[in-house]
Amino acid sequence: MRRLVSAALALLLAGHIAPAGQRRRSEDQKRQERIQELSRELARCLAWPSPGEEQKFLHARAAALLERLKTAAADSYVFDRLSRAAEDLLEASEEIEEGREPPRPPKEGEREETARELQRYYFRVQQAEYFAGLSGESDAAAYVRHARALYQQGRSAYDAQHYRRARKLAEAAALVVSALERLAQARISSQEPPRIP
């Protein structure tokens, strides 16, 4: 009977040990898959003809973040924040690309809807400098500059009644700010929440 209990305990313990090792391998595999997914998305963005100044910046920063991801795998929180920042940058580039489509005649109510969206994105862009200061990125000011430039381009498109383009560019600006926020979060990744100075 004692042998039977010992064998059962050994099997039970082996069952708890194996999943932890499998879980670790699974997490590593998921991280590698995430890097590959973002790399494919970057390659797709790099294939677009005639990228603008903002897109070139976004692609270069996303590529740099992908390199950082390879060494950030030990810290799952930092890995998540950096991967989401890269994703935001690539999505911003996609919004810019979609905004290049030829303008169409405005729909009823589109002006008001676009005005509300741009107001929301305006406030988001105003947060860029704050997140830039927390991010610790050497080129944080360039993020802010590009976010502001994209918003201004969106505002100009709004004035020209190109509402879809206006929304796409302003959303791209907000995504750049989101990337900065995620970079700031990655930098302040300690267990303790930050204090307000």
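The aromatic pairs in this predicted model number five, where rings of Phe, Tyr and Trp (its six-membered ring) pair if their centres lie within 6.5 Å, and planes under 30 degrees apart count as stacked, over 60 as edge-to-face and the rest as tilted. Phe-57 and Tyr-143 form an edge-to-face pair, because their ring planes stand at 85°, with the centres 5.1 Å apart. This pair links distant parts of the chain, as Phe-57 belongs to helix H2 (residues 53–71) and Tyr-143 to helix H6 (residues 140–159), 86 residues apart. Helices here are DSSP runs of H or I with at least four residues, strands are runs of E with at least two, and both are numbered from the N terminus. Both Phe-57 and Tyr-143 are buried; buried means under 20% relative accessible area, exposed over 50% and partly exposed in between, computed with a 1.4 Å probe on protein chains only. One aromatic cluster is formed by Tyr-122, Phe-123 and Tyr-151.

Residues are numbered from 1 along each chain as its sequence is written, and side-chain values use heavy atoms, with hydrogens and water left out.

Aromatic rings also meet charged groups. A charge sits over a ring if NZ of Lys or CZ of Arg is within 6 Å of the ring centre and within 35 degrees of the ring normal. The charged end of Arg-120 is placed over the ring of Tyr-121, 5.1 Å from its centre. Arg-31 lies over the face of Phe-79, 5.8 Å from the ring centre.

Arg-31 also takes part in a salt bridge with Asp-28, in which the closest N and O atoms are 3.8 Å apart. A salt bridge is a side-chain nitrogen of Lys or Arg within 4 Å of a carboxyl oxygen of Asp or Glu, and the whole structure holds 20 of them. Asp-28 and Arg-31 are both in helix H1 (residues 2–46), three residues apart, about one turn of the helix. Arg-31 counts as buried because its relative accessibility is 12%, whereas Asp-28, at 39%, is partly exposed.

Other salt bridges connect separate elements. Arg-61 and Asp-139 meet through their side chains at 2.8 Å, N to O. Arg-61 lies in helix H2 and Asp-139 in the loop between H5 and H6, so this bridge ties together parts that are 78 residues apart in sequence. Asp-139 counts as buried, with 17% relative accessibility. Which residue forms a salt bridge with Glu-101? The partner is Arg-164, with the closest N and O atoms 3.2 Å apart. Because Arg-164 lies in helix H7 and Glu-101 in the loop between helix H3 (76–98) and helix H4 (110–126), the pair ties together parts that are 63 residues apart in sequence. Arg-164 is partly exposed at 22% relative accessibility, and Glu-101 is partly exposed at 45%. Salt bridges that share partners also join Arg-34, Glu-37 and Glu-87 into one network.

On a 1 Å grid over the protein atoms alone, a cavity is a set of points where a 1.4 Å probe fits but cannot get out; a pocket is an open set with protein on both sides within 12 Å along at least five of seven lines, and lining residues have an atom within 4 Å of a point. Grid points are joined across faces, edges and corners, and a volume is the space filled by probe spheres set on the points. Helix H7 (residues 163–187) gives the most to the cavity lining, with three residues.

The largest pocket has a volume of about 200 Å³. Helix H5 (128–135) and H7 each supply at least two residues of its lining, which includes Tyr-130, Phe-131, Glu-181 and Arg-195.

Ser-50, in the loop between H1 and H2, has a positive phi near 50° although it is not glycine. Gln-161, in the loop between H6 and H7, has a positive phi near 65° and is likewise a residue other than glycine.

Technical notes: This is a predicted model: local features need pLDDT of at least 70, side-chain atom pairs count only at pLDDT 80 or more; totals for chains, interfaces and linings use all residues.
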